[in-house]
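Okay, everyone, thanks for coming. Let me put the structure up, and then we'll walk through a few spots together.

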Amino acid sequence: MIEPKMVLVQEGTFNMGGESVYLDSKPIHPVTLSSFYINRFTVTQIEWVSVMGSNPSRVEGDDLPVTDVSWFDVQEFIQKLNALTGLQYRLPTEAEWEFAARGGVLSKGFEYAGSNNVDDVAWHCNSGNIGPYPVGKKKPNELGLYDMSGNVEEWCQDWKGTYPSSAQTNPKGPVTGFFRVVRGGSWCYIPQFCRVALRNYNSPGYRYGILGFRLAHDYDTFNQSTKLNSIMEQTIETNHDFQKCQGYIKAAIFKYFHDEILELTNICEEYVKVIAFSTDGLISGSTKGWEDSDIVNMSDTLGYFKDDAYKLGHM
């Protein structure tokens with residue numbers, strides 16, 4: 001599995017929308033966003049295949065953006081990726097996407113994502129190709145993000161809706177709708193349709209060769225999750241003879257916050273030491289003597305998780 005390359009977008013306020021593009025990009029209105037992470041590139045075909053096992057793209061190439069994926073397909077990919085990584089990837093909201101494309105707090109006010117010259121930063125219909133280009137070959141924007149003004153359009157999380165006129169904080173779009181938001185230009189669009197303020201939308205079941213996506217992740221949980229994954233790789237230990245185990249000893253922490261449960265899978269019967277991470281630092285507990293399918297309250301051992309139950313299971 002190839003994990004996404006993520007870039008921090010620091011919290012800030014920007015004016016969302018535009019006057020010189022489609023009418024549904026109006027009114028321009030102030031939006032304040034919390035910090036978040038976003039993909040440096042659109043998800044590539046090799047990344048998709050490493051999670052899903054097959055390639056839906058009609059034009060194939062490892063470093064080409066994955067295309068011909070519906071919004072529903074993307075949600076399935078994210079679910080599987082999160083299970084593999086223990087992280088909580090998602091699609092960016094429309095507001096997050098535009099803020100990132102504009103360069104976040106480093107924005108210089110460019111019309112396209114990183115330049116006022118579309119050819120510096122975007123593949124479009126005048127670029128020559130009949131199909132997508134490898135990611136990351138044009139100049140990045142102010143945040144180091146590539147291809148946000150061209151190559152392929154990108155799914156967002158939001159339902160399509162009209163812009164409000166009032167200031168918004170961390171908007172997530174309408175509660176329901178018929179179409180999902182799509183942002184960014186594509187290799188077959190005219191340059192004017194590659195502007196950062198341009199909005200588009202499609203049915204969530206729609207698949208086409210100009211449509212891909214990039215991932216986002218909440219700021220706080222991404223930092224804790226990546227630190228936990230690193231800790232787990234280095235510190236999961238056992239005192240059990242590996243040769244006597246049926247399979248490998250493995251502890252997989254998929255969900256580990258105070259309102260969720262920790263699931264341990266494929267663990268040998270006698271003993272495994274679990275290292276977990278909390279806001280109080282490192283804490284550890286021993287599962288020696290537990291039985292299959294026991295539900296164990298570890299409040300005495302893991303004080304920070306005093307109200308949580310932990311389940312031990314075998315694959």
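So, which residues form a nonpolar patch on the surface? They're Phe 178, Phe 179 and Tyr 201, with about 360 Å² of accessible area together. Areas here come from the Shrake-Rupley method with a 1.4 Å probe, counting only the protein chains shown as cover. Phe 178 counts as exposed because its relative accessibility is 73%; exposed means over 50%, buried under 20%, and partly exposed in between.

Quick housekeeping: this is a predicted model, where local features need pLDDT of at least 70 and side-chain atom pairs 80 or more, while totals for chains, interfaces and linings use all residues. Residues are numbered from 1 along each chain as its sequence is written, and side-chain values use heavy atoms, without hydrogens and water.

Most residues other than glycine have a negative phi, and most peptide bonds are trans. Asp 68, though, has a positive phi of about 60°, and Asp 68 counts as buried because its relative accessibility is 7%. Asn 151 also isn't a glycine, yet its phi is positive, about 80°. Asn 151 is buried too, with a relative accessible area of 1%. And between Lys 26 and Pro 27 there's a cis peptide bond, with omega about -5°.

Methods
Patch = residues over 30% accessible without salt bridge, like charges linked within 9 Å, V, L, I, M, F, W, Y side chains within 5 Å. Salt bridge = Lys/Arg side-chain N within 4 Å of Asp/Glu carboxyl O. Buried < 20%, exposed > 50% of the residue type's maximum accessible area, 1.4 Å probe, protein only.
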